[in-house]
Amino acid sequence: MLELNGVGENEFVEYKNRPLVRQGGDIFYGDLSEEYHVYMMIMSDKPSNKTGESVPDKIMVQLRKNGTQMPAKQTLAHGLVDALDTAAVWLERYNK
């Protein structure tokens, strides 16, 4: 689970040592100083089994070369963990 306690105004949440930023239904993952980053769009939500709160369900995941809008790779993930794991593998492979 991502821990948000103690994150300051000018700091980023990180997942596997890369910045992770969410704005509404859009998630940006990766370091923009590297060649590629990942854009994710939350397509649908579902209630959590544990809390009943709404959590991301279907997520479009796109690997993008910085400076372009065209995806180098794209897939549909089921759940945030699946989306983040896919994104982390792509960034590891493409940002060598």
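Reply: Welcome! One term before we start: two residues are in contact when heavy atoms of theirs lie within 4.5 Å. Keep in mind, too, that this model is predicted.

Me: Thanks! Let me try that term on Met40. Which residues is Met40 in contact with, leaving aside its neighbours within four places in sequence?

Reply: Met40 is in contact with Gly25, Asp26, Ile27, Tyr29, Ile59, Met60, Val61, Ala83, Leu84 and Ala87. Find Met40 in the structure and look for these residues around it.

Me: How do I read a nonpolar core, and which residues of the largest one touch the most other members?

Reply: Look for buried nonpolar residues joined through side-chain atoms within 4.5 Å. Here the largest such core has 18 residues, and Tyr29, Val38, Met40 and Val61 touch the most other members. At least two residues each come from strand 3 (26–29), strand 4 (36–42), strand 7 and helix 1 (80–94). Helix 1 gives the largest share of this core, six residues.

Me: Now the strands. How many bridges pair strand 1 with strand 2, and in which sense?

Reply: When you look at paired strands, ask about their direction and their partners. Strand 1 and strand 2 are antiparallel and pair over three bridges. One example to find is Val13, whose bridge partner in strand 2 is Leu20.

Me: What should I look for in the loop between strand 1 (13–15) and strand 2 (18–23)?

Reply: Check the backbone angle phi, and note where it is positive in a residue other than glycine. Lys16, in this loop, is not a glycine, yet its phi is positive, about 50°. Asn17 is in the loop between strand 1 and strand 2 as well, and its phi is also positive, about 65°, although it is not a glycine.

Me: Is Asn17 buried or exposed?

Reply: Exposed means over 50% relative accessible area. Asn17 counts as exposed because its relative accessibility is 71%.

Me: Where does strand 2 go next, and how many bridges join it to strand 3?

Reply: Strand 2 and strand 3 run antiparallel and are joined by four bridges. Val21 stands opposite Phe28 in strand 3. These two strands also form a hairpin with two residues between them, and there Gly24 has a positive phi near 65°.

Me: Are Arg18 and Leu20 buried or exposed?

Reply: Buried means under 20% relative accessible area. Arg18 is buried because its value is 10%, and Leu20 is buried because its value is 13%. Arg18 lies in strand 2; its contacts beyond four places in sequence include Tyr29, Glu34, Leu91 and Glu92.

Me: Which side chain does the side chain of Arg64 make a polar contact with?

Reply: The partner is the side chain of Gln69, at 3.2 Å. Among the residues in contact with Arg64 beyond four places in sequence you will also find Glu35, Tyr36, His37, Tyr39, Met70 and Pro71.

Note on methods:
Residues numbered from 1 in each chain as written. Predicted model: local features only at pLDDT ≥ 70, side-chain atom pairs only at ≥ 80, totals over all residues. Heavy atoms only, no water. Polar contact = N/O pair within 3.5 Å; in protein donor to acceptor, adjacent residues only side chain to side chain. Buried < 20%, exposed > 50% of the residue type's maximum accessible area, 1.4 Å probe, protein only. Pairing = 2+ DSSP bridges.
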